[in-house]
Amino acid sequence: DNYTGGKLAGEKLIEDGCEALIHINNGYYEDWPSFKRIIGFEFSVKNMPHETIINEDLTDPYSEIALNAMSSIVDNLLKKYPRQKLGIFCSNDNIANMLQRDSTRKGMKMPEDVEIIGYDNSPVSDNAIYPITSIDQNIPLMAKIAINSLDTYIAHENVVSAKLITKSTTI
């Protein structure tokens with residue numbers, strides 16, 4: 001449930017007192033299920049200062065291009081929102097990890113100065129410098145549904161509940 005995942009992230013950041021809310025994504029198409037993450041997040045933060053940053057250079061989080069793009073994003077956020085607590089929801093845990101590394105290098109403290117929420121609850125979220133709060137999609141259940149539907153495939157979208165897993169990057 002990508003919509004609920006985005007909504008849970010926005011609600012958590014608001015609850016924790018974040019003053020500027022940002023969603024960082026590496027790209028999207030409106031027919032991708034992950035597009036609903038953006039919609040859910042934007043719905044939940046609609047009455048707060050917020051923005052969505054789409055940057056396709058973040059697609060390969062282990063490339064120099066992605067690292068430079070993230071550095072530029074963090075620099076711009078620090079200029080745009082001075083002395084404000086940032087709440088940042090990333091489209092996946094790899095982007096959240098990149099964000100965390102760059103923010104830490106630039107002296108930001110987690111969760112005092114910036115809170116970060118990723119998506120997928122992948123191993124990178126547990127192995128980050130500070131374990132990253134993430135939205136869990138219950139991948140084992142999604143795999144089971146996919147395998148069970150191989151014999152009786154009908155084109156439709158199964159919705160698996162999303163769950164916020166709180167770790168060190170949020171209060």
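This is a predicted model: local features need pLDDT of at least 70, side-chain atom pairs count only at pLDDT 80 or more; totals for chains, interfaces and linings use all residues.

A: Contact here means heavy atoms within 4.5 Å. Leaving aside neighbours within four places in sequence, Ile 22 is in contact with Phe 41, Glu 51, Ile 53, Leu 77, Tyr 81, Leu 86, Gly 87, Ile 88 and Phe 89.

Now the main core. The largest nonpolar core has 25 residues. Ile 22 is among those with the most contacts inside it, along with Ile 24, Leu 86 and Ile 88. Five named elements give two or more residues to this core: β1 (20-25), α3 (64-80), β3 (86-90), α4 (93-105) and β4 (114-119). Helix α3 supplies the largest share, six residues.

Next, the rings. The structure holds four aromatic pairs. In one of them, Tyr 28 and Phe 35 are stacked, 5.0 Å centre to centre, with 25° between the planes. Phe 35 has a relative accessible area of 16%, so Phe 35 is buried.

Another pair is Phe 89 with Tyr 119. This pair is tilted: the centres are 6.1 Å apart and the planes make an angle of 55°. Phe 89 lies in strand β3 and Tyr 119 in strand β4, so the pair ties together parts that are 30 residues apart in sequence. Both Phe 89 and Tyr 119 are buried.

Ring pairs link Phe 41, Phe 89 and Tyr 119 into a cluster. Tyr 119 also has a charged residue over its face: Arg 37, at 3.6 Å from the ring centre.

Step back to the whole protein. There are six helices and six strands. From the N terminus on, the elements run α-β-α-β-α-β-α-β-α-β-α-β. The protein has 171 residues, and buried ones make up 44% of them. Of the contacts with a separation of 6 or more, 78% come from residues 24 or more positions apart. The accessible surface comes to about 9,000 Å², of which 53% belongs to carbon and sulfur atoms.

How values were computed:
Residues are numbered from 1 along each chain as its sequence is written. Side-chain values use heavy atoms; hydrogens and water are left out. A nonpolar core is a set of buried Ala, Val, Leu, Ile, Met, Phe, Trp, Tyr and Cys residues joined through side-chain atoms within 4.5 Å. Buried means under 20% relative accessible area, exposed over 50%, partly exposed in between (1.4 Å probe, protein chains only). Helices (H or I, at least four residues) and strands (E, at least two) are DSSP runs, numbered from the N terminus. Rings of Phe, Tyr and Trp (its six-membered ring) pair if their centres lie within 6.5 Å; planes under 30 degrees apart count as stacked, over 60 as edge-to-face and the rest as tilted. A charge sits over a ring if NZ of Lys or CZ of Arg is within 6 Å of the ring centre and within 35 degrees of the ring normal. Accessible areas come from the Shrake-Rupley method with a 1.4 Å probe; for residues, only the protein chains shown count as cover.
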